[in-house]
Amino acid sequence: MTSPQPDRAALTRDHMERAVRQYFEACNTLDRELFARCLSDDVVHYLANGMPGPIHGIDDVAERWGVDVRANGTSWTVDGVYADEQTGTAVCEWTSFKPRLDRVLRGVEVYRFDEAGLIDEVRIYYASRRDDSVSTNELAGYPYAERGFAT
């Protein structure tokens, strides 16, 4: 069960930043209750093209990142959070450390907040070269046209 959250009128930049930071804490600790405090039950996490996804729901998000933490020793840091109260959207720059793979990944995620102040959508973008082997570089399964993006 999710914790009570502020309504949209109370959705502040501070609230959104705390929720994003709490999300990363939940990813690092694999704490289901922390996930439930910041994610809506119906959260959708869109992944980069070529990754299996999108991920639907708190339990699937927690399981997905839990597999990565357990297999690769993965942890994430928040490098910066930027939030817009008018759109109910936040952006986070992050770094992911994967010591068992001797890898460091950097990226950005875009978070959409619902009326209850919970994250209901995550869109991940990796800091990487474009892939010229495909005609369109975009998130797999994301409804670009339906959301008003140029297509």
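I count a salt bridge when a side-chain nitrogen of Lys or Arg is within 4 Å of a carboxyl oxygen of Asp or Glu. I am working on a predicted model, where local features need pLDDT of at least 70, side-chain atom pairs count only at pLDDT 80 or more, and totals for chains, interfaces and linings use all residues. Residues are numbered from 1 along each chain as its sequence is written, and side-chain values use heavy atoms, with hydrogens and water left out.

**Salt bridges**

I searched the whole structure and got 9 salt bridges. I began with E17 and R21, whose closest N and O atoms are 2.9 Å apart. For accessibility, I call a residue buried under 20% relative accessible area, exposed over 50% and partly exposed in between, using a 1.4 Å probe and protein chains only. E17 is partly exposed at 28%, and R21 is partly exposed at 37%.

Next I looked up R70, which pairs with E63 at 3.6 Å between the closest N and O atoms. R70 is exposed at 51%, while E63 is partly exposed at 44%.

Then I turned to D120 and R112, with closest N and O atoms 3.0 Å apart. Is D120 buried or exposed? I find D120 buried, at 17%, and R112 partly exposed, at 29%. Shared partners join R112, D120, E121, R123 and R147 into one salt-bridge network.

**Core**

I define a nonpolar core as buried Ala, Val, Leu, Ile, Met, Phe, Trp, Tyr and Cys residues joined through side-chain atoms within 4.5 Å. The largest one here has 36 residues, and V20, Y23, F35, L39, Y111, F113 and I119 have the most contacts inside it. Elements that each supply at least two of its residues include α1 (13-29), α3 (58-72) and β6 (119-126). Helix α1 gives the largest share, 7 residues.

I also checked I119 for contacts (heavy atoms within 4.5 Å). Beyond four places in sequence, I119 touches, among others, V20, Y23, L39, Y111, R112 and F113.

Most residues other than glycine have a negative phi, and most peptide bonds are trans, so I looked for exceptions. The G53 to P54 bond is cis, with omega near 10°; P54 is in the loop between β1 and β2 (55-56). L30, in the loop between α1 and α2, has a positive phi of about 55° and is partly exposed at 29%. D102, in the loop between β4 and β5, has phi near 55° and is exposed at 69%.

Conventions. Helices (H or I, at least four residues) and strands (E, at least two) are DSSP runs, numbered from the N terminus.
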